[in-house]
Amino acid sequence: MSGRGGAGESPARTSTGDGPAAPDTAAPGTPEAEGDRHGATANAADAPGGSEAEDGTTPGTAKPEDGTTPGGSEAADGTPGGSEAADGAAPGTAGAEDGTAPGGSEAADGTPGDSETENGTTPGGSEAADGTPGGSEAADGTAPGTAGAEGATGSDEAAQPALSEAEAELAAQKIERERIARRKAERQGPVDAGAKLSGKAADLLAAVRAVESGEKPSPVYFDEAPTSPRKPATAPAAPPAPARPAPAAPSAAGIEDVRAVLARGGAPEALAGPAATALGEGAAEQLAHDPWRLLAVAGVRPTQADGFARALLGAEAGPGDERRATALVGWLLEQAALKGHTALDAPTLESALTQYGVPDPAESLEQAIGEGAVLVFHEPLGPPVAEGEEQPVRVLVGLEGYALAEESLADGLARLANTFNDPADWEKAASGAGPGADLVRAVSGHGLVTHTGGEAARAEPLALLTAARDLGLRVCLAAHAHAPAPGAVTVAGLLSGTQGPGRDADGQFAVDLLVVLDAPQLDVETAAALVESVPDGARLVLSGDPGVLGSAGPGRVFGDVLAARACPQLVSRTPDPGPIGELVSGIGIGELNQVDAPGKEVVIVPVRDAGEAVHRTVQLVAESVPRAFGIPADSVQVITPGHGGSAGTRALNAALKERLNPGPGRFGGFDPGDRVVHVPSPGRAEPGRVVSADAQGLHLDAAGARIVVPKEQVDSQVRHGWAVTAHQAVGARWPAVVVVLPGDAAQALSRDWVYSAFGRAERHLSVVHGVDQALPRAVAEVLPKPRTTRLTGLLRALVAAAQDQPE
């Protein structure tokens with residue numbers, strides 16, 4: 001990195017310090033995160049060190065700088081941290097009495113919760129390298145209340161008649177999932193009574209029927225990893241309109257019934273609304289019969305559910321209760337989804353169940369599979385074997401919703417790749433497309449194309465759109481959360497129907513070419529809804545930088561599509577320009593190099609502690625950068641690893657507000673002119689500015705669009721935005737960026753985090769550096785955490801099957 005000083009700061013160079021620990025690879029017993037992926041009711045705490053990292057595929061090998069030795073130890077056994085006693089109570093507490101731990105971090109989805117882990121979970125448990133949560137929880141076995149109670153605000157109120165964009169988006173995604181289920185039902189109906197089943201499928205059916213009859217199921221189906229059973233699907237129906245209202249809120253009577261059951265079990269009555277919403281019709285009866293169903297409520301942990309069950313059932317509520325084990329299996333898979341996994345290895349789940357005091361985890365997992373609570377899959381390992389030999393497989397267990405989304409996504413991608421039969425001669429258009437010529441040629445003859453490259457490479461999809469529009473095609477450009485060009489839309493706006501070309505009579509997008517930027521930010525459910533809506537014969541381009549932080553939700557869509565090699569893959573040759581581009585390109589291959597920055601494009605500002613880091617950051621934003629580069633303070637973005645801690649976003653935003661827009665915070669902590677980040681749904685962080693507030697809520701200006709955030713949602717959806725995290729910043733760029741790395745952030749750093757944060761700067765990058773040698777070590781050694789997904793194998797199988805079909 002540059003050794004030159006600039007922007008009024010002294011020259012600096014990287015110094016030495018402690019090496020980082022991978023944020024998602026906690027050794028057993030280390031408190032980490034468990035909680036609500038959606039972040040709407042997160043009663044969050046600050047994870048140690050402010051961990052924030054995400055999955056992403058970063059090319060290259062790790063080369064340590066300054067003689068550091070690569071290596072770094074991580075928990076590789078895949079077992080969850082912590083343990084619970086046989087009665088369901090954990091032997092100790094994780095963190096402080098209120099569930100908080102020192103430091104600060106932020107949800108990867110950009111939700112304004114108090115803490116962030118790699119995937120956007122809220123803390124409260126411990127987690128293994130595979131993302132399975134462990135059991136560092138309160139030992140008192142008390143009924144739930146710490147997690148989720150405080151965040152439950154107004155859940156039992158009547159639904160508002162007018163839908164927000166977030167509500168419309170969620171409704172549209174629900175509708176698309178229903179359409180996906182119907183589409184799959186058309187292709188694959190239920191097998192009549194099992195008469196035609198044989199081999200592994202027959203073993204599985206026998207196991208399911210054994211469970212239904214009260215017998216112990218045979219373990220053969222589990223050991224041999226059969227294909228998962230499918231539930232009978234409803235008859236196909238006409239696609240509904242995308243703007244259908246969100247599902248009705250639970251009735252007041254239903255909430256009251258749930259509140260009464262909670263009171264009997266000593267649980268906070270504030271959970272009544274969330275529980276009624278999560279469990280649906282008959283929620284009170286469900287809880288009375290099976291108290292562990294309370295784990296379906298975001299933020300509730302096993303120890304708390306155990307206390308609730310003991311209060312309701314007495315001595316009947318033992319650690320080996322089948323209801324408890326089934327609920328734990330589902331909860332563990334939901335926690336894994338918060339870490340980006342769509343499934344987990346069966347041995348990992350069994351190990352996690354052991355940690356939670358389940359006496360026979362293998363039998364409990366079989367029970368959950370037999371009841372249909374979860375699905376089991378076998379994924380071939382290695383190349384195909386000769387006929388007569390047994391193919392090694394990996395046994396995976398997953399929730400039906402994520403499995404259905406992943407399979408639907410694979411079907412949709414294969415459909416676009418295999419059914420496109422309208423190649424066109426775009427050579428004339430390609431000759432005028434400049435650096436996008438190769439992309440234009442590839443898209444002219446294929447229905448599915450991937451495109452990878454850095455920030456400068458985004459010009460190539462834009463050139464493709466121009467060429468396609470000139471050819472008379474209906475085109476659409478969609479990005480994750482920040483529209484990169486006039487006429488572009490966000491993925492959320494496109495799905496909800498509030499932006500974009502709209503849908504045809506079949507419920508599909510009225511486009512001939514859809515280009516999706518920031519493809520690494522697509523989670524599996526969003527991607528499935530998106531691809532399902534692309535009509536036959538249209539072209540889809542997925543474009544993005546594999547080196548950036550991955551999606552907030554489950555899945556590794558872009559990386560899995562690239563790994564499947566199911567379509568043409570265009571790798572941009574357009575380098576990111578200047579010293580910042582050179583620096584970021586080196587980080588992408590694991591090298592933190594010194595770069596020549598004659599215009600002070602890159603400046604290192606050393607600090608001794610967090611207090612100095614905050615002081616120097618305010619000085620850079622308010623004085624040094626505007627004076628040296630003529631960039632106004634409003635165009636300088638601060639990025640730091642987490643929300644909590646003495647130099648997290650909260651501390652930095654408080655200091656920056658005092659300097660740049662002082663005020664009493666009379667609108668729920670906000671004043672007119674405050675720079676904010678609005679998070680309407682998980683994974684979206686939209687910059688804006690406070691305009692005013694009234695009885696309706698907080699009025700924001702977001703890129704010229706007026707947004708009203710209801711007052712009851714302000715605390716969960718709006719945060720000051722002078723300082724953000726790298727997850728919130730992905731997909732956007734600013735003329736100047738100040739990256740703050742306080743000493744307690746060392747363990748939060750990883751290659752993809754540094755790559756993403758440094759790459760947000762266009763003209764100037766200042767690094768407030770207090771982590772010493774942890775920075776080059778993170779770049780060289782701390783790779784993105786792997787995610788367990790099925791999409792690559794599914795897509796490869798579908799493409800291979802299509803190729804084997806006769807012409």
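Buried, here, means under 20% relative accessible area. Keep that cut-off in mind. One caution as well: this is a predicted model.

Let's start with strand S7, residues 475-479. Five of its five residues are buried. Take the two faces in turn. On one side sit Val475, Leu477 and Ala479. On the other sit Cys476 and Ala478. Both faces are covered.

Now, what does S7 pair with? Strand S9, residues 513-516, is joined to S7 by four bridges, and the two run parallel. Within that pairing, valine 475 has leucine 513 of S9 as its bridge partner. Strand S8, residues 489-490, is also joined to S7, here by two bridges, again parallel. There, alanine 479 partners threonine 490 in S8.

Strand S13, residues 636-639, pairs with S19 in the parallel sense over two bridges. Valine 638 stands opposite alanine 723 in S19. As a reminder, strands of a sheet pair through backbone hydrogen bonds.

Last, the surface. Glu322, Asp360, Glu363 and Glu371 form a negative patch there. Let me pick out one of them. Glutamate 371 lies in the loop between helix H10, 361-370, and strand S4, 375-380. Is glutamate 371 exposed or partly exposed? Its relative accessibility is 44%, so it counts as partly exposed. The exposed class needs over 50%.

That's the tour. Questions, please.

Key
Residues are numbered from 1 along each chain as its sequence is written. This is a predicted model: local features need pLDDT of at least 70, side-chain atom pairs count only at pLDDT 80 or more; totals for chains, interfaces and linings use all residues. Side-chain values use heavy atoms; hydrogens and water are left out. Patches are made of residues with over 30% relative accessible area and no salt bridge: like charges are joined within 9 Å, nonpolar side chains (Val, Leu, Ile, Met, Phe, Trp, Tyr) within 5 Å. Accessible areas come from the Shrake-Rupley method with a 1.4 Å probe; for residues, only the protein chains shown count as cover. A salt bridge is a side-chain nitrogen of Lys or Arg within 4 Å of a carboxyl oxygen of Asp or Glu. Lys and Arg count as positive and Asp and Glu as negative; His and the chain ends are not counted. The place of a charge is taken as NZ of Lys, CZ of Arg, CG of Asp or CD of Glu. Buried means under 20% relative accessible area, exposed over 50%, partly exposed in between (1.4 Å probe, protein chains only). Two strands pair if DSSP finds at least two bridges between them.
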